[in-house]
2 protein chains.
Amino acid sequence: MTKAAPTLEDVARVAGVSRATVSRVVNGTRNVDPELQATVRNAIEETGYTPNRVARSLVTRRTGTVALVISGAGSGSDVFTDPFFGRVTAGVVDFLRLHAVHPVLMLADTDAARTEVVEFLRQGSADGALLVTTHSADPLPALLLDASVPVALYARPGRPMPVSYVDMDHHAGGRMAADHLVATGRTNVGTVSGPLDVLASQDRYSGFVDAMARHGFPYVPAIEGGFTWESGARAMQLLLDEHPELDAVFVANDLMAQGAMHTLNSYGRSVPVDVAVVGFDDSSPALACRPLLTTVRQPVERMAAAMAGLLLESLEKPGQRPKSVIFEPELVVRGSA
Amino acid sequence: MTKAAPTLEDVARVAGVSRATVSRVVNGTRNVDPELQATVRNAIEETGYTPNRVARSLVTRRTGTVALVISGAGSGSDVFTDPFFGRVTAGVVDFLRLHAVHPVLMLADTDAARTEVVEFLRQGSADGALLVTTHSADPLPALLLDASVPVALYARPGRPMPVSYVDMDHHAGGRMAADHLVATGRTNVGTVSGPLDVLASQDRYSGFVDAMARHGFPYVPAIEGGFTWESGARAMQLLLDEHPELDAVFVANDLMAQGAMHTLNSYGRSVPVDVAVVGFDDSSPALACRPLLTTVRQPVERMAAAMAGLLLESLEKPGQRPKSVIFEPELVVRGSA
DNA sequence: TTGAAAGCGCTAACAG
DNA sequence: CTGTTAGCGCTTTCAA
């Protein structure tokens, strides 16, 4: 039989003051007599009081939590195994904790799940939403906007809409890969792209192809992958079968690049001597390759933190115009190219 | 200017009934005249009403959220990059969504963070805690218990205490690896263990060594790793330098096993011909190896789901005795051993 | 079966 | 600087 938790009332009684005063010292409001303040603190100590957050939320209309929504992706297991989402989560958590805000994890992989997310937010269970959406056709951003839920996206929305987001210049990233490959003398260059219903994939691909064209290579053999190790390995196989003369590939993420390197290996091609490989993201698989993977860095953690910042900002000052923050890629040259 | 969200009151007015009645139909309570029920539903539709969860929580004393606490591990980025935590998260999320419960993600990597977690729970911000703790000396389980917060652990606590948890028979897992290696004719067997301040690592290690002894191999060369790719690669190097005659290794998780295989490769040892490799976990890296990794499966997602189930159960019926659920490992034979 | 009324624990005017 | 007074939106006895 646990006795009910002590309330403001209890503390007030013990301290011989009013609830309001206790509330003031708890919330650190100025204008409280230092002496009384001490009395109250003692009473708090004595009673073992902890403020009830729910009650507070009811009146402040703030919960101190935000939803972190992983949207439009496959089933849970796949999603959370992908190092990308782990990095996003890490960036978000690290940033939010500085502001005493906590993320509620939600998957929005089906229509039912999506409406549940919207309901959750409309019910005021969280103050806003961080949306990591991959497919450009994801309806969730619009749904959230319609429900006038404060929101910030990772990656620009599929259709233009008034919403804050962070993103990076994927096009430039693709270009950097091309420039590097050409600069190091490669002349038979192919690419394994990401899924083309993802904006980022399109941009990386077009950035790469455009730059290659500018360098005098109008045709670049390409295979579409699915951002998984397997798909990278398989795509590399197809590419090699059709274009055995290949001396370089740009692979649209590190996980696929790792798979591609395995294929190259088993085909007896040495990296980077026979074939150069450039990945994308600079996530953990890049360091689990030998040679170490040359890759285009996407500062995922920083971007995720910035997204969280954008949301908190719009929570502070509602009615502000949406903002966007675009990050620049960076080529990390290691052993593979 | 968004007008305030409609409340029960508003719906009641429109429907011409009392708040209580509306509340009853919203919560699906029986004993409401079907006709009135329809009226109320219309009114809800008309007003676009959504119940305010915070207000509800204030009176029901239930928030419909639980804390998912990753405890005692390194910094965020590391943690969420490890496929293990991703799998735990996936299992938890998948299970909780069936029960309309949402996880709040928290890191408890410092003392400050730990007290914050305890505060959060004491404030009633979540109904209970799911604790994924690695180091056996983690003080958090005890702290939570002292605060009488409902809790379920992934892995048994470092010191015996009355708390529900899931775990697996890591000792048996180690034994299976040994049995397999011996059965396939290996006679010079070493091991790369996990960090020995993790109970699971100790158990895997002792299970392995004990079984080897029983098979007539009283001495097993061993190096302690840190569950990272790098540490696996490095440990394999040390092992090989001291024991070039090795024809098999048991590596305490797949990520390290992947690193170990890279080392083996660069030392010109072919897997499994020269050296057999058995991993542990059966997580994604196992499939990103060539040959595919033979490994001891830990059903992480199912275990995580079971942990969540344990917590929800204790939330339903408070004051029950703690329970534990122990899972059995399973040897997955693939190409590497 | 329905309604009236009493809070849940807290914050925030508004007086004093 | 402090206390009084209203609620926040909901559930839940208790009567009717």
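How do the residues of the surface near DNA strand D divide into nonpolar, polar and charged?

Reply: The model is a predicted one, and what follows should be read as a description of that prediction. The surface near DNA strand D divides into 14 nonpolar, eight polar and four charged residues.

The residues concerned come from both protein chains. There are 26 residues around DNA strand D, and those that come nearest are D33(A), L8(B), A20(B), N52(B) and A55(B). Two or more residues are given to this surface by each of α2 (19-26) and α4 (53-60) of chain A, and likewise by α2 (19-26) and α4 of chain B. The largest share, five residues, comes from α4(B).

The surface near DNA strand C may be set beside this description. DNA strand C is surrounded by 26 residues, of which the closest are T7(A), L8(A), A55(A), N31(B) and D33(B). The elements that contribute two or more residues there are α2 and α4 of chain A, together with α2 and α4 of chain B. In this case α4(A) provides the largest share, five residues. By class, the surface near DNA strand C has 14 nonpolar, eight polar and four charged residues.

The arrangement of the two protein chains is the next point to consider. Chain B is superposed on chain A by a rotation of 180° with 0.0 Å of shift along the axis, and the RMSD is 0.1 Å. That is the relation of a two-fold axis. The same surface serves both copies, since 100% of the contact residues of chain B recur in chain A. Among the residues of chain B, V104(B) comes closest to the rotation axis, with its C-alpha at 2.1 Å.

The contact between the chains takes 43 residues from chain B and 43 residues from chain A. On the side of chain B that touches chain A, at least two residues are supplied by each of α4 (53-60), α5 (76-81), α6 (83-97), β2 (102-108), α7 (111-122) and α12 (254-266) of chain B. The largest share of that side, seven residues, comes from α6(B). By class, the side of chain B that touches chain A has 16 nonpolar, 20 polar and seven charged residues.

The axes of α1 (residues 8-15) of chain B and α2(B) come within 8 Å and cross at roughly 105°. The two helices α1(B) and α2(B) are therefore roughly perpendicular to each other. In this contact, L8(B), E9(B), V11(B), A12(B) and A15(B) of α1(B) meet R19(B), V22(B) and S23(B) of α2(B). These residues divide into five nonpolar, one polar and two charged.

Chain A is divided into domain 1 (8-60), domain 2 (65-167 + 301-328) and domain 3 (170-297). The C-alpha centres of domain 1 and domain 2 of chain A lie 35 Å apart.

Some backbone features remain to be noted. Most residues other than glycine have a negative phi, and most peptide bonds are trans. In chain A, a cis peptide bond with omega of about 0° joins R290(A) and P291(A), and P291(A) is found in the loop between α13 (284-287) and β10 (294-297) of that chain. In chain B, a cis peptide bond joins R290(B) and P291(B), with omega of about -5°. P291(B) is found in the loop between α13 (284-287) and β10 (294-297) of chain B. S148(A), a residue other than glycine, has a positive phi near 45°, and S148(A) is found in the loop between α8 (140-146) and β4 (151-154) of chain A.

Key:
Residues are numbered from 1 along each chain as its sequence is written. Chains are lettered from A and ligands numbered from 1 in the order in which they are written. This is a predicted model: local features need pLDDT of at least 70, side-chain atom pairs count only at pLDDT 80 or more; totals for chains, interfaces and linings use all residues. Copies are superposed by least squares on the C-alpha atoms of residues with pLDDT of at least 70 in both. Two residues are in contact if their C-beta atoms, placed from the backbone, lie within 7 Å. Helices (H or I, at least four residues) and strands (E, at least two) are DSSP runs, numbered from the N terminus. Ala, Val, Leu, Ile, Met, Phe, Trp, Tyr, Cys and Pro count as nonpolar, Asp, Glu, Lys and Arg as charged, and the others, Gly among them, as polar. A residue is near a molecule or strand if its C-beta atom, placed from the backbone, lies within 6 Å of it. Domain bounds come from an automatic or database domain assignment. Axes are lines fitted to C-alpha atoms, for helices over the stretch in contact, and angles run from 0 to 180 degrees between N-to-C directions. Angles under 35 degrees count as roughly parallel, over 145 as roughly antiparallel, 65 to 115 as roughly perpendicular and the rest as oblique.
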